[in-house]
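Trainee: I've got a model open and I'd like to learn how to read it. Could you walk me through it?

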Amino acid sequence: MPVIEHWKLDSPPDTPAQVAVDLVELRQPLVSVARDEEGTWCFDGPGTAREKTERMTLADVLHAWPHVAVLRDVPPGQVAIWNWDDNGWRVGPRPDTTDAAELCTDLDESLWPEGVAADGVAVVERAVVTGEEELTDVQRDREGFFFVGPGDEELGPDAYVRVRLSDAVRRWPHSFGVVRALEPGEGVEWNAEDQQWEGYLLLGSPEAAEPEA
């Protein structure tokens, strides 16, 4: 599993973790990561903590939600909360239940930039949605956005699904910053070692065309 090659968390990849079922079933985005005093990892969505959870390993969590990989500095007893506006985590002491509900929020569509429709359609590789493959690239052409995994092989139409763009961003919160920034003809690739996006031009885009002699 590629995420293990660049492992930076202070807990090993096979560490058990508690994951809210709403996240596993893709009903909510992963926006809260908490550790109790014993160091147990708990992953949740917006609002207060859910009672219904599923047991997964940390490696499985990072494979499905790459934005967790940067959380090297979440000591036991603290919590990381995803901030959509800053496109990053804020780490601090565990808030009480009321504060947690206010801080752990879903995607606010008022944050979308002009010219990018939250209710637009994104084409997503099916295996990436289910977590069988990692999300490695986000691309934008004149038709819209594409969320795909590794591999250069040609995939058939059945390998992709069309989803609401805002739902794709909620599935992978760390994609929101690049979705807001990408212009048609541009793409980004996730660098697992440096844990950041790296930009490139799409083949066939006017910007990538070779200049005439």
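Mentor: Strands here are DSSP runs of E, at least two residues, and helices are runs of H or I, at least four residues, both numbered from the N terminus. Keep in mind that this is a predicted model, where local features need pLDDT of at least 70, side-chain atom pairs count only at pLDDT 80 or more, and totals for chains, interfaces and linings use all residues. Residues are numbered from 1 along each chain as its sequence is written, and side-chain values use heavy atoms, with hydrogens and water left out.

Trainee: How many bridges join strand 1 to strand 3?

Mentor: Two strands pair if DSSP finds at least two bridges between them. Here, strand 1 (residues 16-20) and strand 3 (residues 41-44) run parallel and are joined by 3 bridges. They belong to an open sheet of 6 strands, with mixed pairing and the order 4-1-3-2-5-6. Its edge strands, each pairing on one side only, are strand 4 (53-57) and strand 6 (88-93).

Trainee: And what does the chain average in pLDDT?

Mentor: pLDDT is the predictor's confidence in each residue, from 0 to 100. The chain averages 90, and 92% of the residues score at least 70. Among the elements, helix 4 (residues 97-103) has the lowest mean, 71, while strand 8 (residues 137-141) has the highest, 97.

Trainee: Next, the rings. How many aromatic pairs does the structure hold?

Mentor: A pair of aromatic rings is described by the distance of the centres and the angle of the planes. Rings of Phe, Tyr and Trp (its six-membered ring) pair if their centres lie within 6.5 Å; planes under 30 degrees apart are stacked, over 60 edge-to-face, and the rest tilted. This structure holds 7 such pairs. One of them is W41 with F43, stacked at 6.2 Å centre to centre with 10 degrees between the planes. Another, W82 with W89, is edge-to-face: 5.2 Å centre to centre, 80 degrees between the planes.

Trainee: Is W82 buried or exposed?

Mentor: Buried means under 20% relative accessible area, exposed over 50%, and partly exposed in between (1.4 Å probe, protein chains only). W82 is buried, at 4%, and W89 counts as buried at 15%.

Trainee: Which residues form one aromatic cluster?

Mentor: W82, W84, W89, W112 and F176 do. Look at F176 again: the charged end of R180 sits over its ring, 4.3 Å from the centre. That label requires NZ of Lys or CZ of Arg within 6 Å of the ring centre and within 35 degrees of the ring normal.
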